Amino acid sequence: MTDDAIFLAVGEQLTALRKADYSSEAVLQQVLAQFPELVAGVGTAGESAKLLLVRREMPVVAADSVGLSLDHLFLDQSGVPVLVEVKRASDTRARREVVAQMLDYAANGVATWQNDLRDTVAQTAGATDLGTYLQEQLGVEDVEEFWTTVEDNLRAGKIRLIFLADRLAPGLVRIIEFLNEQMRDVEVLGIEMPQYTAPEGQVVYVPRVVGRTAAAVEAKQHRGTRAPWTEQTLLDAGTEARTAEEMALVRRLINDVKERGGRFVWGAGSTAGVTGWYRVDGEDTPVWNVNVGDATTAGWLYHVLSEYSARHPERVEAYADAVARIPELAAKVAQMRVGGWRGWPSLPLARAAGDERAMAAIVAATR
């Protein structure tokens with residue numbers, strides 16, 4: 001009897017909860033969306049870990065496919081994207097198909113989500129200020145640094161893949177363990193989460209992680225933690241990856257902050273990034289962010305309208321109007337105006353370097 005039951009003692013009363021199948025895959029998906037803390041500890045970085053649901057059925061754009069969507073996309077408090085695919089044990093598809101599907105989502109999502117996650121989380125936050133929402137959900141103190149880390153993690157492929165089921169087949173468990181031991185930046189885990197129910201309506205979920213073998217833990221530890229970038233290391237990395245015109249803009253931005261008595265928040269991701277802060281009307285304010293990318297990715301300039309608007313609602317229209325004069329960003333600014341200024345309009349450094357309006361927008365925001 002004890003093989004398929006757990007017992008709940010309340011005072012003198014003992015209640016047996018029996019293992020029960022989920023009525024559908026959709027029910028298991030809803031449980032995860034409603035209670036991400038069920039897998040936050042076992043599937044991330046420990047008992048204190050938190051997960052923020054970005055979106056259920058997150059669209060995945062692939063050149064040779066249409067209509068792809070990931071079951072759940074989360075972010076953890078370290079800015080690591082967490083991709084979750086939910087399957088019931090009764091799903092008869094071959095384990096090779098399930099694994100291939102997840103890798104397809106990961107490969108294409110990493111390449112296409114970089115400019116989407118911020119807006120998607122803003123939509124999830126609804127009327128709540130995005131900075132407040134991230135602080136409440138994940139304990140994020142520096143919103144700009146958090147988003148820079150998220151984008152750096154996507155560029156580097158530093159993500160977590162989770163296969164969630166009421167029961168994982170032994171063959172799939174072995175594949176998960178193998179992938180987790182062999183992949184340096186990607187953590188691959190399986191989580192079994194059976195449910196136990198009682199006639200009175202109580203439900204107990206018992207998550208158990210698989211895939212975090214000793215060999216996998218050792219391999220991940222060798223990866224180490226990167227120190228924050230500095231001005232010199234960012235300029236060195238940018239000189240190798242970007243054109244002289246792009247780096248001239250980066251230096252101009254950095255010098256502008258110095259000349260105006262501002263400060264910098266340096267990223268710590270795999271590609272060099274920095275946020276420029278200014279004293280605007282006496283308040284410390286993030287205005288722009290730059291990431292120089294690397295030899296395989298573009299560099300980007302971001303205008304930090306979201307956090308700017310929270311500090312300066314009376315000035316945000318002037319900043320937004322200046323950004324909207326850049327043709328590629330006009331539609332984005334219009335969308336943000338309707339949506340409460342959530343998001344960071346972005347422009348490739350190569351494009352920003354050739355358009356004085358990119359710098360003019362920053363001047364409008366700070367003077």
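# Close-up views of charged and aromatic contacts

**View 1. Arg 367 counts as exposed, at 59% relative accessibility.** Buried means under 20% relative accessible area, exposed over 50%, and partly exposed in between (1.4 Å probe, protein chains only). Asp 256 is buried, with a relative accessible area of 7%. The two residues form a salt bridge, with their closest N and O atoms 3.5 Å apart. The pair links distant parts of the chain: Asp 256 belongs to helix 10 (residues 244–259), while Arg 367 is in the segment after helix 15 (356–366), and the two are 111 residues apart. The model is predicted: local features need pLDDT of at least 70, side-chain atom pairs count only at pLDDT 80 or more, and totals for chains, interfaces and linings use all residues. Residues are numbered from 1 along each chain as its sequence is written, and side-chain values use heavy atoms, leaving out hydrogens and water.

**View 2. A salt bridge joins Arg 208 to Glu 192.** A salt bridge puts a side-chain nitrogen of Lys or Arg within 4 Å of a carboxyl oxygen of Asp or Glu. By this rule the structure has 19 salt bridges. In the bridge shown here, the closest N and O atoms of Arg 208 and Glu 192 are 2.6 Å apart. Arg 208 lies in strand 10 (residues 208–210) and Glu 192 in strand 7 (residues 187–192), so this contact ties together parts that are 16 residues apart in sequence. Helices (H or I, at least four residues) and strands (E, at least two) are DSSP runs, numbered from the N terminus. Is Glu 192 buried or exposed? Glu 192 counts as buried, because its relative accessibility is 12%. Arg 208 has a relative accessibility of 44%, so Arg 208 counts as partly exposed.

**View 3. Asp 284 forms a salt bridge with Arg 263.** Their closest N and O atoms are 2.7 Å apart. Asp 284 sits in strand 13 (residues 283–291) and Arg 263 in strand 11 (residues 263–266), so the bridge ties together parts that are 21 residues apart in sequence. Asp 284 is partly exposed, because its relative accessibility is 23%. Arg 263 is partly exposed too, with a relative accessible area of 34%.

**View 4. Shared partners build a network of salt bridges.** Which residues are joined here? Glu 328, Arg 351, Asp 355 and Arg 357 form one network.

**View 5. The structure contains 3 aromatic pairs.** Rings of Phe, Tyr and Trp (its six-membered ring) pair if their centres lie within 6.5 Å; planes under 30 degrees apart count as stacked, over 60 as edge-to-face, the rest as tilted. Phe 264 and Trp 266 form a tilted pair, 5.3 Å from centre to centre and with 40° between the planes. Tyr 308 and Tyr 319 pair edge-to-face, at 4.9 Å between centres and 70° between planes. Tyr 308 is in helix 11 (residues 305–311) and Tyr 319 in helix 12 (residues 316–324), so this pair links distant parts of the chain, 11 residues apart. Tyr 308 and Tyr 319 are both buried.

**View 6. Charged ends sit over aromatic rings.** A charge sits over a ring if NZ of Lys or CZ of Arg is within 6 Å of the ring centre and within 35 degrees of the ring normal. Arg 263 lies over the face of Trp 277, at 4.1 Å from the ring centre. Where does the charged end of Arg 118 sit? This end is over the ring of Tyr 302, 5.2 Å from its centre.
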